[in-house]
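The exercises below are meant to be worked with the sequence and the model side by side.

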Amino acid sequence: MIDVPVVLFPEMDANLREKLDSLPTAPGVYLMKDREGNVVYVGKAVNLRSRVRSYFQPGTSDTRSFVPLLDRILGDIEVILVDSEKEALLLENTLIKRHKPRFNVRLRDDKSYICLRLDERHPYPRLEVVRRIRQDGARYFGPYSSATAIRETLRIINRYFQLRTCTDAVLERRTRPCLLYQIKRCPAPCVFDVPQEEYRRSVREVVLFLEGKEPELVEQLRVRMRQAADELRFEDAARLRDQIRAIERSLERQRMVFSEFVDQDVFGYHREGPHLAFEILYIRGGRLVSARSFYFSGQEFPTEELLSSFVDQYYGQGAAIPDEILLPREIEGLESREAHLSEQRGRKVRVYVPRRGEKRRLVEMANRNAEQALVEARKKDRTNLELLERLQRKLGLSRLPRRIECFDVSHFQGSLVVASQVAALDGEPDKSRYRHYKIKSFQGQDDFAAIHEVISRRIEKGDLPDLFLIDGGKGQLHAARAALKDAGVLGQVDLAAIAESRIVGDTGPTGTTGRVPDRVFVPGLKDPIVFAPNAAEFYVLQRLRDEAHRFAITFHQKLRRAVNFRSVLEQIPGVGEKRRKALLRHFGSLRRIRAATADEICEVEGFSRALAERVVEFLARSRDPDRDSDLPEGAAQSMDPDAAVGEVVEDEATAAAEEAEASRMAQDVESSA
Ligand code: SF4
């Protein structure tokens, strides 16, 4: 290989220059760091030397906007050698997740890939909504573009296909059928001896429906409908007729885009300088079933690198892998990516750039959709930016509050003090930065000390936002300021406290009262700042404060449930501390123990069959109010995508959320019954 000389940037130091000259030609991952040592970009390459040096060579693509930027900010480049392209791909993904570099496209979280899971090994399988695909032998369908999209699919399935919706644990312990049996939506295998062949037929129909093979399904149903009519089973015939109509209606809404019966993800993109949108069209069985767009701003690196990184992260996070992945342009290492994805899927996957014909037309359609998504996202960006600028002016902040973190302190059962941290990026919630803190430095109720501790702990983590917003008044503001001062970062982040409106004056029968509105305290100003009623910029702060409250409440509920459940566990005869710990270790959470069957508990060390059955029985009795209610316990989860069944690991997965889902489902069932 001929080495092209590196363009030596005026500000590049000698060490870095030397490093560039001695880079290995092996495959690996490179980390670009700024002058403060923060990782700003992670990339992979088959040949590290040629890739990294390409950023600094004249005459190739050095007009790219990021080159002058590198000159300004680049402090160091680190490389990690690996044995193969595949390893580089995996490592790049891990490092992007760990360092969150500002110039990489980064998928926020994996909660977005909503899929349906069907485990056909169970005698009476059910559909579950999950956020992650596992190699667990079950079948997965999707991903769906949104909770709304999956809800519509589930609505049809739950109404017309006769699958149970309750969890395995509920199926085992119900003693009478729930409402869904009464409204003829479930054959109630929980109680009755439903012939497996009959149930299997419903499962096969659901699979055909989810695979997009509706014409085949409709044909089968028509045969059964005619048969039912011939045998004078008019009720069955009418039910099948309704089922056929519902399927045909859903078919009309999907657009036939391709004559082959293959599953494809079609990627498109549109870029305007640092603004970039990707679009994925999901084609299942030749039909366009849904689409999703992803918007990124502040991107400086070449499009092919961003596309390659995006594709890797997308499938690395558990999205369903189809038969074919169509890309809008070439990226490095297509073959190794194909091999890797085929291995991950367990079946052949093709990854390629179509040049002509129907498939090229699909890519162009994805590109057009990406362009539209970019226009809309930028419009929203501009509106949010204006609000943030107004906020900056009104509060006299030293920087634009693009990243805000808001803290709320609360108490649990009068003793345990907890704090919630929520965040917004460019005015939109950034859930990847949500946190809970248990206050450790003292016992009792001291809000100011709690604020000091939580802000100090947050500062230790580094990567400070533009603004810390504290829920509270002057006292809380001073405590937070003291924490910044103690940590030596005063001035590196803006600070404000938002106090809730309250009633003042004599509230007695003859007294006169008034209301002090929501107001904001900032350091250096004696009086609070009051915004005009309904000021849109103030809404950004109010929304964050309310979100922090909500997040704190969900944490409390989770703690309360854990405390209650722990005390229930302690009462089970024959289960001492050692076995309790073994249960927790095995299932990982109290919720999972509650959902476990006797068979599953038997697998835990120290649990005989008899003891496992006793635990299941005991736990079932301990939740008597729910037992044998008319709603299938767990149905809300399996029917409602927002509940994210199976993968709920977040603190938001609280009893309150589950109760809300259950009541929503109850309404759904009642209104459609
Ligand atoms: S509890 Fe309800 S949903 Fe579950 S099997 Fe019984 S009838 Fe069907």
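**Exercise 1: The sheet**

Gly-28 has Leu-81 of strand 3 as its bridge partner, strands being DSSP runs of E with at least two residues and helices DSSP runs of H or I with at least four, both numbered from the N terminus. The model is a predicted one, in which local features need pLDDT of at least 70 and side-chain atom pairs count only at pLDDT 80 or more, while totals for chains, interfaces and linings use all residues. Residues are numbered from 1 along each chain as its sequence is written.

Task: In what order do the three strands of the open sheet lie, and which are the edge strands?

Solution. Begin with strand 1 (residues 28-34) and strand 3, which pair in the antiparallel sense over seven bridges; two strands pair if DSSP finds at least two bridges between them. Within this pairing, Tyr-30 stands opposite Val-79 of strand 3. Next, strand 1 is joined to strand 2 by six bridges, again antiparallel, and here Leu-31 faces Val-42. These two strands form a hairpin with four residues between them, and Gly-37 in the turn has a positive phi of about 90°. The order is therefore 2-1-3 by the pairing of strands, and strand 2 (39-45) and strand 3 (74-81), each pairing on one side only, are the edge strands. From one strand to the next the twist averages 20°.

**Exercise 2: Helix 8 and helix 9**

Task: At roughly what angle do the axes of helix 8 and helix 9 cross, and which residues make the contact?

Solution. The axes of helix 8 (residues 196-210) and helix 9 (residues 214-230) come within 7 Å and cross at roughly 145°, where axes are lines fitted to C-alpha atoms, for helices over the stretch in contact, and angles run from 0 to 180 degrees between N-to-C directions. The contact (C-beta atoms, placed from the backbone, within 7 Å) involves Glu-205, Leu-208 and Phe-209 of helix 8 and Glu-214, Glu-216 and Leu-217 of helix 9. By class, these residues divide into three nonpolar, no polar and three charged.

**Exercise 3: The ligand shell**

Task: Which residues come nearest to the ligand, and which helices each supply at least two residues of the shell?

Solution. Of the 15 residues around the ligand, those that come nearest are Arg-164, Cys-166, Cys-178, Cys-186 and Cys-190, a residue being near if its C-beta atom, placed from the backbone, lies within 6 Å. Helix 6 (168-173) and helix 7 (179-182) each supply at least two residues of this shell. Its classes are 12 nonpolar, one polar and two charged residues, with Ala, Val, Leu, Ile, Met, Phe, Trp, Tyr, Cys and Pro counted as nonpolar, Asp, Glu, Lys and Arg as charged, and the others, Gly among them, as polar.

Notes: Contact = placed C-beta atoms within 7 Å.
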